[in-house]
Amino acid sequence: MMRGKGSLRPFAGWLFLTAVAFAAGCSSANSTGGSVSVSHLTGSGVSVSGWVSASGTSLHSRTSTDAYMSQGNMGACTECHGADLLGGISRVSCMDNPAACHHGTVANWVAAGAATQEHGAAAKRGPGSSSMHACRICHGNDFRTDRGSQTCFTCHTLAPHPNRPWRTTGTDNTHTDVNAANAPICYGCHADSAAGNPNNPHRPPSPAASGTAPGCFNGTMCHNAAAAPHATGAAWLAAGTGFHGTGAKADLTFCQGCHGTPGTINFNGGSAPTSCSTGSCHPAAKAHPTDWQGLRTINGVTVSHRTSGNRDVACAICHRTTGTGAGPDPSAPSCFSANFTNALGQARACHSGGPGAAPHALGATWNDPAAGGSAFHGTTAKADLLFCRTCHGTAPRSFAGGTATTACTTCHTTAEAHPTDWQGIRAISTASISHRTSGNRTAACGICHNVTAAGAGPHPTAPSCFSANHTNGIGQARACHAGGPGAASHPVPFNDNTTHTQATTATFTADCGTCHAVTGTSPVSAAPICVSCHISDPRSVTNCASCHANPPNGAATAYPNVAGAHAAHLALNGAGTPVTCATCHNGLGSGTLSHYNRTRPTRVSPASVAFLTTYNAESGASAFDNSSLLRCGNISCHGGQNTPNWRTGTIDIVNACTSCHISGTTQFNSYFSGRHSLHLSRFGTSATTCKRCHDATKVNVTGHLTNLATPTVFEQTARSTVLTAVQFNGTSCNPSAGGLSGCHGSENW
């Protein structure tokens, strides 16, 4: 009764030359089968286009089943082809069709001992492709009509299907994958309304009301709405194992049996409580994603109709599959459309020559990279190699030709399906051949390469995607992804001090531009753009200055170019006191992981400070308070004292001696070192007191703020700041020489 699995030949056995309605009826035909005026014949007596075709959809296969379902008998078929369907006045037999399109010629239709018999799979399908309805066309409503010395009960003893258990999941005999549109046939034996019905031992907990049309899940037989023949909830909606999309791709007519109305274009809910076409599911395409003709994948499950089943019937629910023009759904494109722009705005090539014809250009244009875009086969191959293998190869990894006349290996003799340097950055004309800009890489590359670990993949000569390096067929040594697909082909962070930190416009294009962009969107979506870390174009403003002005001034952004007290400190830089970024940010410079972790994507602010240990004060390690205080502590430069706030505080180095010199410290800058305590106890601890002996305008001169990296700062004497009038000789003052006589008279101290 049915074609073989995967075939596009017309449906079998029940594919009778029939018509839904007759224009004049076969009663006007003569005994020789002359001019017969029926709906499937044209005025010249020839069947309408697509009625019986050598491949693709056969209209009489669908109309015969639909007519039988609506009339309850073979109706119009027998009027011309006879009650026995052996010819009648049409002289065309349905049993010995020379086109060999009926199930008697289908391989494995009935195969004793076979695990799978095609007639069983055909019976499970929905109306229009086969179904239990179609079985009754030949074998009668009771399945006992003799056709060629065979009835359904010749093999099946208790019912027109295998004996129980008919519900064991994972076996060929399970009824869980039967199209729900067969429910009226099942109802004939399994009706719940028949009390004590031995054919219905599992009555539904809530039987349907009287008059309810038969359905698999509406309480008329075994199940009510709570018992779907598939997973429900999150697992049913999430791509992967048990995903509803996988079942829908196998046969959309199965879905329509519960979620719509068979014989119509509707998927808006039937016996099931959920509609496919309303809400947030499939409002545009009714029963599938709007880019079902595309190449997109969801969690590894492709949504392409190229890998779907029962296409000639399932697609024909909405689309015209036999020519151009509108189909059952006027908004659904014909399969013969040259191009179609879907609801997502994607322009996709269909089959201008019809299903089975190439969905792309052919000849010189297809092989010319200068054609660009979808006209060049390389661009299409980069989008998804699985698409190419659909026609040009066979599973599991061959590209040596399939249904197409051209094998990929005819041109790609080394790499079979792509250039040997597809991992490189070369371009042909304007078409890049780099796999870094290809799509569906995990599945496509996995055809030949090991994409999960190091080592050989399905193709033993294909390098693992985890290879550190690979020398290709033209002698080029290329770095692969030591961290695996999706990982950068270089260390992260990229601490290279030439390729990265010294990049120029020219070197960036050659070394980085394949994956990264400076601004906007990178060619590889996972590759960050430069300005995600840098605040300036690093090709023109290099090194630290691409993020931090020198010194940081806060003009470009609050982070990381914070002004603070940077300028004042860098101004101290000199031979004796070298002050650079690394003085306070030691170990966090460009190229370090700590520095990388504080770039703009993570924005750790304020920056951590790690001082050179030589700047530790005499007691304890130097540190920076990252809290709201933002101050340094235990720094030899500041006499071990806590500093003002880095961003908001100020130090008047002319007047505020006490910012470094304060009581209580063990440093030599203490107020109480030498004779300071005697003076300060009498005159007070203030800058004014200090300036009685020290010239505060000379605090920056050589000899005072030099060698600040020396914790024991005895050599950093203040003698250079002592006023000349004090006549300090390194040991004592000498007022007798005329200095500050008002303080000590003529005594030397």
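Colleague: What is the mean pLDDT of the protein chain, and which element has the highest?

Modeller: The chain averages 74, and 74% of its residues reach 70 or more. Among the elements, helix 20 (residues 741-744) has the lowest mean, 62. The highest, at 90, belongs to strand 9 (residues 623-624).

Colleague: Where does pLDDT stay under 50?

Modeller: Where pLDDT is low, the predicted coordinates should not be read in detail. One such stretch still has 134 contacts beyond four places in sequence in the model, and that is residues 1-37. Another has 11 such contacts, and that is residues 712-716.

Colleague: Give me the overall make-up. How many helices and strands are there, and what share of the residues is buried?

Modeller: The secondary structure comes to 20 helices and 10 strands. Of the 749 residues, the buried share is 40%.

Colleague: Which residues have the most contacts inside the largest nonpolar core?

Modeller: That core has 13 residues. Apart from it lies another core of 12 residues, including Cys 388, Phe 399, Ala 444 and Ile 447. Back in the largest one, the residues with the most contacts inside it are Leu 252, Cys 255, Phe 267 and Cys 318.

Colleague: And what does Cys 318 touch, not counting residues up to four places away in sequence?

Modeller: Cys 318 is one of the residues with the most contacts inside the largest core. With its sequence neighbours set aside, the residues it touches are Ile 265, Gly 327, Pro 328, Asp 329 and Ala 332.

Colleague: Which helices do the buried residues of helix 8 pack against?

Modeller: Helix 8 (residues 252-259) is mostly covered, with seven of its eight residues buried. Those seven are Leu 252, Thr 253, Cys 255, Gln 256, Gly 257, Cys 258 and His 259. They pack against helix 7 (244-250) and helix 9 (311-314).

Colleague: Stay with Cys 258. Is it buried or exposed?

Modeller: Cys 258 sits in helix 8. Beyond four places in sequence, it is in contact with Ala 180, Phe 217, Gly 269, Gly 270, Ser 271 and Ala 272. Its C-alpha is 9.9 Å from that of Ala 183, 75 residues apart along the chain. The cut-off for buried is under 20% relative accessible area, so at 8% Cys 258 counts as buried.

Colleague: How many disulfides does the count come to?

Modeller: A pair of cysteine sulfurs has to be within 2.5 Å. The sulfur of Cys 515 is 8.9 Å from the closest cysteine sulfur, in Cys 512, so that is too far for a bond. The count comes to zero.

Colleague: And Cys 335: how far away is the nearest cysteine sulfur?

Modeller: Cys 335 is buried, with a relative accessible area of 16%. It is in no disulfide, and the nearest cysteine sulfur, that of Cys 315, is away by 5.5 Å.

Colleague: Now a histidine. Which side chain makes a polar contact with that of His 81?

Modeller: His 81 is in helix 2 (residues 76-81) and is buried, at 3% relative accessible area. Its C-alpha lies 7.5 Å from that of Cys 94, 13 residues apart in sequence. The polar contact of its side chain, at 3.1 Å, is with the side chain of Ser 90.

Colleague: What about the side chain of His 534: which side chain does it make a polar contact with?

Modeller: His 534 is in the loop between helix 14 (505-511) and helix 15 (566-570). With 19% relative accessibility, it counts as buried. At 2.7 Å, its side-chain partner is Ser 546.

Colleague: Last one: what is the phi of Glu 416?

Modeller: Glu 416 is in the loop between helix 12 (385-392) and strand 5 (427-428), and it is buried at 18% relative accessible area. It is not a glycine, yet its phi is positive, at about 70°.

Terms used:
Residues are numbered from 1 along each chain as its sequence is written. This is a predicted model: local features need pLDDT of at least 70, side-chain atom pairs count only at pLDDT 80 or more; totals for chains, interfaces and linings use all residues. Side-chain values use heavy atoms; hydrogens and water are left out. A nonpolar core is a set of buried Ala, Val, Leu, Ile, Met, Phe, Trp, Tyr and Cys residues joined through side-chain atoms within 4.5 Å. Buried means under 20% relative accessible area, exposed over 50%, partly exposed in between (1.4 Å probe, protein chains only). Contact means heavy atoms within 4.5 Å. pLDDT is the predictor's confidence in each residue, from 0 to 100. Helices (H or I, at least four residues) and strands (E, at least two) are DSSP runs, numbered from the N terminus. A polar contact is a pair of N or O atoms within 3.5 Å; within protein, one must be able to donate a hydrogen and the other to accept it, and residues adjacent in sequence count only if both atoms are side-chain atoms.
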